[in-house]
Amino acid sequence: MATTTGLPLGQLTSKKCVRIGSTAIAYATSYRRGFAPLSAEGQRGVPLRGQCPMAGTSHGMFGANSKPYKCIGGRKVGIVWFRNDLRLHDHEALSRATAECSSMLPVYCFDPREYGESRPQRGRKYGKTGPYRATFLIDAVTDLRERLRQRGSDLVVAVGKPEDVIPEIGRKIGADAVYCHTEVTYEETQIEDRVKSAVVKDNGGAFHSFWTNTLHHVEDLPCGLEKLPQSFDEFKSVMEGVEPRHSIDEDESIKGLPLGARMSIQMGEIPTLEDLGFSPPRMNEEADEQESCGFSSCQGGESEALKQLRKFVQDIVSSSKPGTTSFSGSIAPWLASGCLSPRKMLETVMQFDDKSTSNKSKSSLNWIQFELLWRDFFRMLTKRYTDVVLPKARHVLQSQQQCVA
């Protein structure tokens with residue numbers, strides 16, 4: 001019986017995500033020997049031209065108890081794991097994979113844990129993701145897939161836990177490495193560690209993660225994470241004189257999919273709200289007006305983000321006072337979901353600033369930098385608590401428990 005990765009039986013239909021069942025195993029077995037899958041009559045197909053006979057099987061880089069197997073010519077197959085970085089511009093993981101791999105497969109996972117309820121707080125549970133944000137993310141993933149297809153690639157969309165989905169896909173296509181952007185919250189880093197463990201420790205592949213979604217790089221902190229100031233004013237003072245790194249240009253050409261990927265891997269359908277456990281939100285005029293600055297009135301995706309960025313720049317230029325344009329309502333949803341890079345945003349504003357000598361233009365630039373610096377502060381502070389504070393607290397607690405015992 002075919003099952004779906006990371007999902008309780010019966011929660012979703014298998015066509016909505018990557019299938020890991022008898023059909024997929026049959027494909028993998030056929031590709032292991034370098035042949036096309038069995039036909040309806042049970043006859044084995046012809047050998048696949050150019051197919052590495054060991055790729056995508058238990059003998060590949062992701063195979064158990066085996067050394068890395070390289071195809072002739074040193075071809076390298078990569079997986080780009082999209083997370084909160086649903087864009088093609090200023091995407092270091094994508095750029096590195098494009099530079100280092102001969103072929104690559106982009107993947108996005110709708111993690112069921114993100115669409116469930118949080119741990120009880122004061123006797124109440126809260127949804128991690130609401131229907132408006134879920135709709136926004138569905139739009140963003142749809143747009144990302146379309147932009148990848150325009151460049152000759154595609155996007156695997158799976159509903160399941162990344163630590164289950166990514167290694168399984170890697171085994172099927174014979175992947176050598178996984179590329180992704182790192183996150184900052186405790187739960188996100190735990191998921192990342194599980195994926196890394198499955199890829200590196202268990203299967204012998206490589207795992208490359210990169211910092212993203214801030215104006216300044218975490219490595220450029222003058223004080224380091226351990227001594228990160230706890231107040232924004234101190235943080236702002238520390239960051240004075242630190243120039244942001246340049247954004248990474250979008251690659252016009254993206255490496256193609258691994259040979260045979262479309263036959264061994266289902267690209268997957270993008271889930272609906274109902275698939276994620278939501279009822280379609282009921283919209284009315286009053287609600288639209290009240291939530292006009294939230295996800296409910298926004299179209300997700302990089303294409304819309306770039307349109308909104310141009311509109312945002314025009315609004316701050318035409319505004320009589322800098323800072324009167326709503327940052328949270330005009331651009332923040334696309335920044336939060338990674339559809340827009342903070343560095344790309346600042347550089348776009350600076351391009352206009354270079355053409356203008358007015359004081360209003362200079363004030364607008366300072367305001368944008370100030371808002372983006374706030375985002376940096378909260379994101380890096382979260383990273384500090386995840387990487388520095390929590391491990392120390394856990395160590396102290398374990399020491400106390402040992403003393404009591």
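## Around Arg83

Setting aside neighbours within four places in sequence, Arg83 is in contact with Tyr108, Cys180, His181, Thr182, Glu183, Glu188 and Glu192 (contact means heavy atoms within 4.5 Å). This is a predicted model, where local features need pLDDT of at least 70 and side-chain atom pairs count only at pLDDT 80 or more, while totals for chains, interfaces and linings use all residues. Residues are numbered from 1 along each chain as its sequence is written, and side-chain values use heavy atoms, leaving out hydrogens and water.

So where does Arg83 sit? You'll find Arg83 in the loop between β1 (77-82) and α2 (92-100); helices (H or I, at least four residues) and strands (E, at least two) are DSSP runs, numbered from the N terminus. Arg83 is buried, at 9% relative accessible area (buried means under 20%, with a 1.4 Å probe and protein chains only). Its side chain also has these partners:

| Partner of the Arg83 side chain | Distance |
|---|---|
| side chain of Glu192 | 2.7 Å |

The Glu192 pair is a polar contact, meaning N or O atoms within 3.5 Å, where one must be able to donate a hydrogen and the other to accept it, and residues adjacent in sequence count only if both atoms are side-chain atoms.

Now for helix α4. Its 12 residues (162-173) should span 16 Å, and the end C-alpha atoms are 16 Å apart, which agrees; the expected span is 1.5 Å times one less than the number of residues. In α4, 10 of the 12 residues are buried, including Val165 and Ile169. Gly174 follows α4, with a positive phi near 70°.

Terms used. Buried < 20%, exposed > 50% of the residue type's maximum accessible area, 1.4 Å probe, protein only.
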